[in-house]
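Please look over the sequence and the model shown below. The paragraphs that follow go through it part by part.

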Amino acid sequence: MQYWLMKSEPDEVSIDDVLAAPKHIVSWFGVRNYQARNFMRDAMRPGDGVLFYHSSCAQPGVAGLAEVASAAYPDATQFEAGGKYHDPKATAEQPRWSAVDVRALKKTRLLPLAEMRTIPALEDMVLLQKGSRLSITPVSAGQWNTIVKLLNKG
DNA sequence: GCCAACGTTGGC
DNA sequence: GCCAACGTTGGC
């Protein structure tokens with residue numbers, strides 16, 4: 001059992017959007033960064049905890065709790081010629097990019113990035129490191145517990 | 001819109 | 001393999 005933080009632009013897919021989807025599940029496609037892909041393909045397991053993070057918006061921060069709902073599978077958008085996520089070097093035999101299913105569990109209060117930066121127990125979070133841009137980052141059990149408590153505190 | 005930081009590409 | 005140029009991310 002591991003924990004992750006996954007960034008989504010709420011203009012694209014917000015926590016509300018996922019909760020409105022059938023079974024509260026969406027496919028996490030479109031990742032085009034090798035490190036993030038490797039986390040999905042090599043380390044994520046169904047049931048892993050996910051902090052659903054809203055990025056590139058007025059109020060960046062953790063907006064909900066979710067879980068990994070599938071093993072990794074080839075991201076179909078890499079094969080879509082002319083599509084935004086097309087990768088001409090990817091083939092069905094040798095897919096390059098992976099996706100996983102993510103199930104939203106609950107919307108929480110927004111835990112702003114700025115507040116997270118003030119919490120000493122979170123200072124080692126990959127998200128908070130200088131220059132960190134990864135859309136999927138690991139979260140330690142201690143960081144997860146700290147954040148869940150902060151979310152419940154309201 | 002700005003810009004720091006990072007990742008990728010491609011010439012050599 | 002080096003590295004300059006370019007593109008992207010994402011907070012502010």
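A polar contact is a pair of N or O atoms within 3.5 Å; within protein, one of the two must be able to donate a hydrogen and the other to accept it, and residues adjacent in sequence count only if both atoms are side-chain atoms. The model is predicted: local features need pLDDT of at least 70, side-chain atom pairs count only at pLDDT 80 or more, and totals for chains, interfaces and linings use all residues. Residues are numbered from 1 along each chain as its sequence is written, chains are lettered from A and ligands numbered from 1 in the order in which they are written, and side-chain values use heavy atoms, with hydrogens and water left out.

Begin with DNA strand C. A residue is near a strand if one of its heavy atoms lies within 4 Å of it. The residues around DNA strand C are Lys7, Tyr53, Ser55, Ser56, Pro60, Leu113 and Arg133. By class, this surface has three nonpolar, two polar and two charged residues; Ala, Val, Leu, Ile, Met, Phe, Trp, Tyr, Cys and Pro count as nonpolar, Asp, Glu, Lys and Arg as charged, and the others, Gly among them, as polar. Sugar or phosphate accounts for 72% of the atoms of DNA strand C within 4 Å of the protein, and bases for the rest. A base oxygen of DNA strand C is reached by arginine 133, with a side-chain N or O atom at 2.6 Å.

Which residues are around DNA strand B? They are Tyr34, Gln35, Lys130, Gly131 and Arg133. This surface consists of one nonpolar, two polar and two charged residues. Of the atoms of DNA strand B within 4 Å of the protein, 74% are in sugar or phosphate and the rest in bases. Lysine 130 places a polar side-chain atom 2.5 Å from a phosphate oxygen of DNA strand B. Arginine 133, listed around DNA strand C, also has a polar side-chain atom 2.7 Å from a base oxygen of DNA strand B.

Next comes the loop between β3 and β4, which holds serine 56. Helices (H or I, at least four residues) and strands (E, at least two) are DSSP runs, numbered from the N terminus. Buried means under 20% relative accessible area, exposed over 50%, and partly exposed in between, with a 1.4 Å probe and protein chains only. Serine 56 is exposed, at 59%, and has a positive phi of about 55° although it is not a glycine. Serine 55, in that loop as well, counts as buried at 13%. Contact means heavy atoms within 4.5 Å. Not counting residues up to four places away in sequence, serine 55 touches Lys7, Ser8, Glu9 and Pro10. Proline 60 is also found in this loop and is partly exposed, at 25%.

Another loop, between α1 (15-20) and β2, contains histidine 24. Phi of histidine 24 is near 65°, a positive value in a residue other than glycine. Histidine 24 is partly exposed, with a relative accessible area of 34%.

Two helices remain. At the start of α2, a side-chain oxygen of asparagine 33 comes to within 3.0 Å of the backbone nitrogen of glutamine 35. Helix α2 covers residues 34-43, and its buried residues are Ala36, Arg37, Phe39, Met40 and Ala43. These pack against β1, β2 (25-28), β6 and β7.

In helix α4 (residues 141-153), the buried residues are Gln143, Trp144, Ile147, Leu150 and Leu151. Seen down the axis of α4, they fall within an arc of 130°, so they line one face of the helix; the arc is that of the directions from the helix axis to the C-beta atoms. An α-helix has 3.6 residues a turn, so residues three or four places apart point the same way. The buried residues of α4 pack against β1 (3-8), β3 (49-54), β4 (61-68), β6 (98-112), α3 (113-116) and β7 (136-139). On the face turned away from the buried side are the exposed residues Lys149, Asn152 and Lys153.
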